[in-house]
Amino acid sequence: MKTQQTAWLRWYPVWSRNMRVWRKLIGPALLGNIGEPLLYLLALGYGLGSFLGQKIEGLEYVVFLASGLVCSSAMNTASFEGMYSAYTRMAVQDTWIGMLTAPLTLRDIIYAEVIWCGTKSVISVAAILLVATAMGLVADARAILVLPLGWLVGACFGSMALVMTSIAKTYDFFLYYFTLLVTPMLLLSGVFFPIDGMPELVQTIAKILPLYHAIALMRPLMIGQLPTDVLLHLTVLGLYILVALPIAIRLISRRLLR
Amino acid sequence: MDTTNPVVNIRSLCKSYDGQRVVDNFDLQVQRGECFGLLGPNGAGKTTILRMMLGMTPPESGELNILEQPVSQGSYQVRQKIGVVPQMDNLDPDFSVVENLRTYASYFNLSGEIVRNRIQELLEFARLTNKADEQIDSLSGGMKRRLTLARALVNAPELLILDEPTTGLDPQARQLIWQRLRELKHSGHTLIMTTHYMEEAQRLCDRLAIMDHGKVIVQGTPQELIDAHVEPHVIEVVGNDVERWQAQFNKQDSTRFESLGESLFIYAQDEKPVIEDLCKFSHLDFIHRRANLEDVFLKMTGRDLREE
Ligand SMILES: Nc1ncnc2c1ncn2[C@@H]1O[C@H](COP(=O)(O)OP(=O)(O)OP(=O)(O)O)[C@@H](O)[C@H]1O
Ligand SMILES: [Mg+2]
């Protein structure tokens, strides 16, 4: 009864474990996934939008917001999963140590976690897509392409989050990352308003960070356009993964396998 | 017993943490079907050795062959045929008992009918059949330990590595684990275990090593160690007058005194003169017993507490 898993699929049982845990709490999870964007769209989109009295980049504010929220929720979901949840599995529950006594390597586990972060982002993007479609805020069927992009954005933020996890001593440590990186990105990358009016320096910094590129790819697809400079944006997101992931694996190895 | 190809073959294994040697030129050969015990005070290096055997800690130097495969860092294949009971339980709290077993089996790429049957057998083996759907939080310490043992067996391992399998368990729970470990030994498994319970080691292990500061001090069967290192008779004396008795007692050269707290341990080749003399001090309480592994352990590793 012994069969060896094909090497490149060894992430699968770890991913599947996370999926099964998530499914146990699918009710509250989906409620959050659907309820939160719904509240934002109602309160900010219609509520705040009605005061604006003008279109933003030719769009109703609520449409502009919906196309930004898909990106920020992909970021938030993967960041939370890669920090709080992954840290729990690494340092609190010793889940990874348990896996390491089976024929899995740390690399398999970390790949699985990144793929899982991407998966969770896809779920949250899908939820918003559903809500936005029901509210008539999505232009046409090409918007479906935000799902695979949501995975990439999730994998990108998941990889970055795992670097934080690898050096965290407590949950509180993650507040630094949220305060210094996630929140500024959320506010300054164009989720809630276009960044054209911001100081030059802020714009430059925003353009180095991944959320800007996620928005550049996903927003056009939500509003019936096609993104430009696709290769550039994909490359930036890919580079973040390519840099963060090996660092995360290295540091977590040093922490668990010493 | 097959002595040609040891299941575990370790030579001159070394490991340091922060410049401190914690495993120092450690050698070990374990034959197929043997139960080998690794004993030593806290911090002796037992867990570190087991982790190196599993490829979970990189050795500094030395040779490490498990199941005839060299172990190197990141070599996960060797773990395909090993079952592990870690010192600290790491059961998945998000899953029920049976889900824990199923999930762990999936890490070995095992699923389907055969595994379902095997899991049923293991639940019975661990006497957890009626707890199959319970969450981990609701299990007692003994049940968790039994589940961890069952989990270590899902992949039908040839070698079992057990790091303090009965620490913290009540006598009944410990008896059940002992019985299971004996069954595993009789069905041909090779076992390597650590323990702080000398009685456990003496009952279960064919051979054992007592180690300290990363080095093996003595090695052999429990009886060999007792015969070679301590006198056959032990008399433990308690009472506040022990010193007065000790001062007047005309002891033979072969008799050894060891003080531990309020008690005096007397190790003797011939117990009769000691007992006769002790009877004269009617207010002294004493018991006479045969020497056991604990006496060897205390002699070899000293009586001081290990708290660095
Ligand atoms: N990851 C680590 N980093 C630094 N030092 C470590 C690490 N793991 C173990 N040590 C040190 O190595 C020594 C041996 O530890 P080990 O856990 O192997 O002992 P042990 O024999 O299993 O002890 P116990 O009976 O308490 O379980 C100890 O001094 C311990 O502090
Ligand atoms: Mg230990």
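Me: A residue is near a molecule if one of its heavy atoms lies within 4 Å of it. What makes the site of ligand 1 a shared one?
Reply: Residues from chains A and B surround ligand 1, so the site is shared between chains. There are 13 residues around the ligand, and Arg258(A), Lys46(B), Thr47(B), Thr48(B) and His196(B) come nearest. Do keep in mind that this is a predicted model, where local features need pLDDT of at least 70 and side-chain atom pairs count only at pLDDT 80 or more. Residues are numbered from 1 along each chain, and hydrogens and water are left out.

Me: How do you know that Arg258(A) makes a polar contact with ligand 1?
Reply: A polar contact is a pair of N or O atoms within 3.5 Å. A polar side-chain atom of Arg258(A) lies 2.7 Å from a nitrogen atom of ligand 1, so the pair meets that limit.

Me: Which atoms coordinate the magnesium ion, ligand 2?
Reply: They are OG1 of Thr47(B) and OE1 of Gln87(B), at 1.9 to 2.2 Å. Donors are N, O and S atoms within 2.8 Å of the metal (3.2 Å for Na, K and Ca), so both count; with water not among the atoms, the site may look incomplete.

Me: Why is Thr47(B) called partly exposed?
Reply: Buried means under 20% relative accessible area and exposed over 50%, with partly exposed in between (1.4 Å probe, protein chains only). Thr47(B) has 27% relative accessibility, so it counts as partly exposed.

Me: And what makes Gln87(B) partly exposed?
Reply: Its relative accessible area is 33%, so Gln87(B) also falls in between those limits.

Methods. Chains are lettered from A and ligands numbered from 1 in the order in which they are written. A polar contact is a pair of N or O atoms within 3.5 Å; within protein, one must be able to donate a hydrogen and the other to accept it, and residues adjacent in sequence count only if both atoms are side-chain atoms.
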